[in-house]
Amino acid sequence: MNNRAHTIKQRWLFIGLVLASLLLIGCVDEPSPVGSSLLPRADLLRLDTLTLSASKTFGKPALYAPFGQSRLLIGRNDNLQYESWGLIRFTSIPDSLYGIVVQEASLHLRTSYHHGDSLAPFAFRIHRAERSWMGDSLSYDSIKAAGFSSATTSPVVQFSGLSDSMRISVPLEPRVVQRWIDSLFAITSNNEGLILEPLNSAVIKGFSSFTAADTSHRPRLVITYKRPQDSSVASASLMNGFSRHVATMKNRQSLTDSTTIYVRNGLVYRGVVGFDISPLPPRAPVHRAVLELTLDKSKSVRNSYSVDSLFVIYLTDFGYVEAIFESSETPVTIDGQTVFRFPLQTFVQRWVRGGLPYQLAIAGINEGNAFDVMAFHGSSSPDKNKRPRITVTYSPLR
């Protein structure tokens, strides 16, 4: 009898352990819908969503012209009233060339881009640069200033049409190159390079620069020379240097157009969008913010070289750009319209914490290497549904 009672007791103990284990396994950290209703409302995170429409839009040129880009852009497109001057300077001239007498010199370039009529006549004039253009302050006005350049006897370069993968050879005035070499050991170098002035009207051509991945596409200076008291002729080829372009647009009315945001690559004219963030609580935690821009295809000017990618730049209260930016996501189609979206949480969080002004700049990823125009509906667009807006998800302060 005692043995039977002991056995029954063991069975009940085993059943009790199994039930306890099942109860422990069934416990979870997250409450069920029934349990969550028992939590104090103060323990739950509140989320609110707010849509902010743009209060202003306008255009603004970048503070500095592009430098060290992968294309050297030269030409004019009168339809857009664009004009782009090229600058090129060969460096690392070997000391072994000192004392030579230059017989002939030529500049070799390879085309890699066009904007406008690809087969339109193309022409430019060669000037000798008299001042340095390596700094950030270079502008179209400084190139045109008296004393910045001087004329050469190099013939005007003219082509009836150039494809986008053609090598050209341009004769240079030998005395220009001679001056560079003669100043190799001088205290002040006389080598500020060349300035290429566009003379055509319907196309801007792009040439590979010194940063081209294929070294055979890079600019080249070929020199034919003699040494004193030596009748033999030799040649040298130089491939190191710097190049850049400076462009301008004669009609700047679009900079004040609030109906359309223009992002003009090549000129480096950016679209600026401003917002009124007063509906957002100051210092509110921002969990998500998305900027939406609707493309205006009728006003955009693009070609096969265009890149469908943009980035937004944070602006300081003095209008300068900061090293805070976000790239656009893949464009989406909404009701037949192309919409660009940008993650903007960092921007909006800084704004609600006192960052001024409440503005951002829109720039092209390829703004230094092309002349695309990407147009978006602005703050005064007739269609209110296409105006720029930010959708913000945030937590109200308690």
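Strand 1 (residues 48-61) is joined to strand 15 (residues 269-275) by 7 bridges, and the two run antiparallel. Strands here are DSSP runs of E with at least two residues, helices are runs of H or I with at least four, and both are numbered from the N terminus; two strands pair if DSSP finds at least two bridges between them. The model is predicted: local features need pLDDT of at least 70, side-chain atom pairs count only at pLDDT 80 or more, and totals for chains, interfaces and linings use all residues. Residues are numbered from 1 along each chain as its sequence is written, and side-chain values use heavy atoms, with hydrogens and water left out.

**Pairing of strand 1**
- The bridge partner of F58 in strand 15 is V272.
- Strand 1 also runs antiparallel to strand 23 (residues 389-394), with 6 bridges between them.
- On that side, S53 stands opposite R389 of strand 23.

**Whole protein**
- The protein contains 5 helices and 23 strands.
- Of its 398 residues, 45% count as buried, that is, under 20% relative accessible area, with exposed meaning over 50% and partly exposed in between (1.4 Å probe, protein chains only).
- Contact means heavy atoms within 4.5 Å; among contacts between residues at least 6 apart in sequence, 81% join residues at least 24 apart.
- The accessible surface is about 20,700 Å², and 53% of this belongs to carbon and sulfur atoms; the areas come from the Shrake-Rupley method with a 1.4 Å probe, and for residues only the protein chains shown count as cover.

**Nonpolar cores**
- A nonpolar core is a set of buried Ala, Val, Leu, Ile, Met, Phe, Trp, Tyr and Cys residues joined through side-chain atoms within 4.5 Å.
- The largest such core has 34 residues, and V177 and I223 have the most contacts inside it.
- Beyond its neighbours within four places in sequence, V177 is in contact with V102, A105, L172, L221 and I223.

**V332 and strand 19**
- V332 belongs to strand 19 (residues 332-334).
- V332 counts as partly exposed because its relative accessibility is 27%.
- Not counting residues up to four places away in sequence, V332 touches Q337, T338, V339 and R341.
- The C-alpha atoms of V332 and T294 are 9.8 Å apart in space, while the two residues are 38 apart in sequence.

**Helix 5**
- In helix 5 (residues 345-352), the buried residues are F347, V348, Q349, W351 and V352.
- G354 follows helix 5 and has a positive phi, near 110°.
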